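This report examines aromatic pairs, a pocket and salt bridges in one protein. Please consult the sequence and the structure shown below while reading.

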Amino acid sequence: MVYTNPSVEPRACILYFHGGGLLYGHAEDLPSLHLQRLTEAGYPVVSFEYPLAPAAKLDTILACVCSSINHYLNHWQEYVPKRLPYVLFGRSAGAYLCLTAAAHGKLDEKPAGILSYYGYGFLCDHWYETPSSYYCSLPAVSEACLDAIPKEIHTSGDLDTHYSVYVYARQTGKWKSLIYEGREKFFYLDYSLRTIDTLPCPLFTAHSTGDTDVPYEEFTALCSRYNPVRYISAGNIHDFDRDEKSPETTKLLDETIAFLKTIE
C-alpha cells in the first residue's frame with residue numbers, strides 16, 4: 001500500500017509497519033490524519049503487511065520485514081518516482097519490528113531514521129511473560145480463541161477474530177510463547193535490544209506515561225540506551241494518537257515531521 005501526494009516533491013520515503021502485538025492488525029491501520037500530514041510534508045508512506053503469530057514465529061516475521069525493506073531498496077521504482085532515503089516507522093509491535101530490523105536485520109542499506117510510537121525492545125524483565133493487570137481487568141478470554149484463527153500463515157488479522165488472542169496472551173502471560181519458539185538466550189540475543197548498544201540511525205520515540213500495554217519503564221530504558229528525540233504523553237492510553245481530533249495528536253505529528261526534517 002503506497003500513499004503519496006503528487007503535488008509535493010518527495011523528501012524521503014517512510015516504510016510503515018502496523019501494530020497489534022504481532023498477533024493481529026493490518027497494513028491499513030495508520031490514521032488518515034497521519035497519512036495526510038506526512039505526505040503533505042513530502043514523505044510518501046509505504047505500508048507493509050507481515051505474517052502474524054502464532055502461525056508465524058519471530059524468525060519468520062522479522063525475515064519478512066527485512067525482505068520488505070530490501071525490496072523497497074532494490075525496487076524503489078515500484079514505490080516512488082525517484083530514489084529516496086528511507087525512514088522506518090512503526091507503532092507498538094510495528095515499532096518493535098523496525099527497531100529489531102535496524103539493529104539485527106540484514107538490510108542492504110541503513111535507514112535514515114526510525115519513528116517508534118510506543119515501541120519496545122524487551123529491555124525490561126517480566127512484563128511480556130506475566131499476566132497484565134490491565135488485561136486481567138477485562139473479561140477472561142479462554143484458550144479456545146486460538147481455534148478461531150487460521151493455522152496457516154496469514155498477514156492480516158481483524159479485531160473481531162484476532163484481538164481476543166492478544167487479550168488471552170496478555171491475561172495469561174503467554175504472549176512470548178505465542179510469538180517465539182526456541183532457547184531463552186536466543187530470544188534475548190536475536191529478538192531483543194539488550195545486546196544492542198547503538199542504533200544505526202537517529203531515533204524518534206513517543207510513549208504515554210500510563211501506557212496499559214508497554215510499561216513506561218520500557219520507554220525509559222529505550223531512551224537511556226539510545227538517547228532519542230522523545231515525545232511523552234501524560235495519559236494512560238497505549239495508542240494515544242488514534243484520536244485524530246486531539247491537539248496532542250497534532251502536536252505529536254508536528255514534532256515527528258520536525259524530526260524528519262533534521263535527518264535528511
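## Burial and the model

A residue counts as buried when its relative accessible area is under 20%, as exposed when that area is over 50%, and as partly exposed in between. The model discussed here is predicted.

Tyr 180 has a relative accessibility of 10% and is therefore buried, since this value is under 20%. Tyr 191, at 13% relative accessibility, is likewise counted as buried.

## Aromatic pairs

The distance of the centres and the angle of the planes describe a pair of aromatic rings. The count of aromatic pairs in this structure comes to 33. In one of them, Tyr 117 and Tyr 118, the ring centres are 6.3 Å apart and the planes stand at 50°, so the pair is tilted. Tyr 117 is buried at 0% relative accessibility, and Tyr 118 is buried with a relative accessible area of 1%.

Tyr 180 and Tyr 191 form another pair, with ring centres 5.7 Å apart and planes at 55°, so this pair is tilted as well. These two residues link distant parts of the chain, being 11 residues apart. Tyr 180 belongs to the loop between helix H6 (175-179) and helix H7 (184-190), whereas Tyr 191 belongs to the loop between H7 and strand E6 (203-208).

## The largest pocket

The largest pocket has a volume of about 580 Å³. Its lining consists of 25 residues, and those nearest its centre are Tyr 24, Leu 159, Tyr 163, Asp 239 and Arg 242.

Which helices each supply at least two residues of this lining? They are helix H4 (133-136) and helix H5 (159-172). The largest share, three residues, comes from H5.

Side chains of opposite charge can pair when their charged atoms come close. The whole structure contains nine salt bridges. One of them joins Glu 9 to Lys 82, whose closest N and O atoms are 2.7 Å apart. Glu 9 lies in the loop between strand E1 (2-3) and strand E2 (13-17), and Lys 82 in the loop between helix H2 (58-74) and strand E4 (86-91), so the pair ties together parts that are 73 residues apart in sequence. Glu 9 is exposed, with a relative accessible area of 54%, while Lys 82 is partly exposed at 34%.

Asp 254 and Arg 37 form another salt bridge, with an N to O distance of 2.6 Å. Because Asp 254 lies in helix H9 (residues 247-262) and Arg 37 in helix H1 (residues 32-40), this pair ties together parts that are 217 residues apart in sequence. Asp 254 is partly exposed, with a relative accessible area of 38%.

## A buried pair and its network

Asp 241 forms a salt bridge with Arg 91, and their closest N and O atoms are 3.0 Å apart. This pair links distant parts of the chain: Asp 241 lies in the loop between strand E7 (229-233) and H9, and Arg 91 lies in strand E4, 150 residues apart.

Are these two residues buried or exposed? Asp 241 is buried, with a relative accessible area of 0%, and Arg 91 is buried, with a value of 7%. Together with Asp 29, Arg 91 and Asp 241 are linked in a network of salt bridges.

Methods: Residues numbered from 1 in each chain as written. Predicted model: local features only at pLDDT ≥ 70, side-chain atom pairs only at ≥ 80, totals over all residues. Heavy atoms only, no water. Phe/Tyr/Trp six-rings, centres within 6.5 Å; stacked < 30°, edge-to-face > 60°. Buried < 20%, exposed > 50% of the residue type's maximum accessible area, 1.4 Å probe, protein only. Helix = DSSP H or I, 4+ residues; strand = E, 2+ residues; numbered from the N terminus. 1 Å grid on protein atoms, 1.4 Å probe; cavity = no way out; pocket = protein on both sides within 12 Å on 5 of 7 lines; lining within 4 Å. Points joined across faces, edges and corners; volume = space filled by probe spheres on them. Salt bridge = Lys/Arg side-chain N within 4 Å of Asp/Glu carboxyl O.
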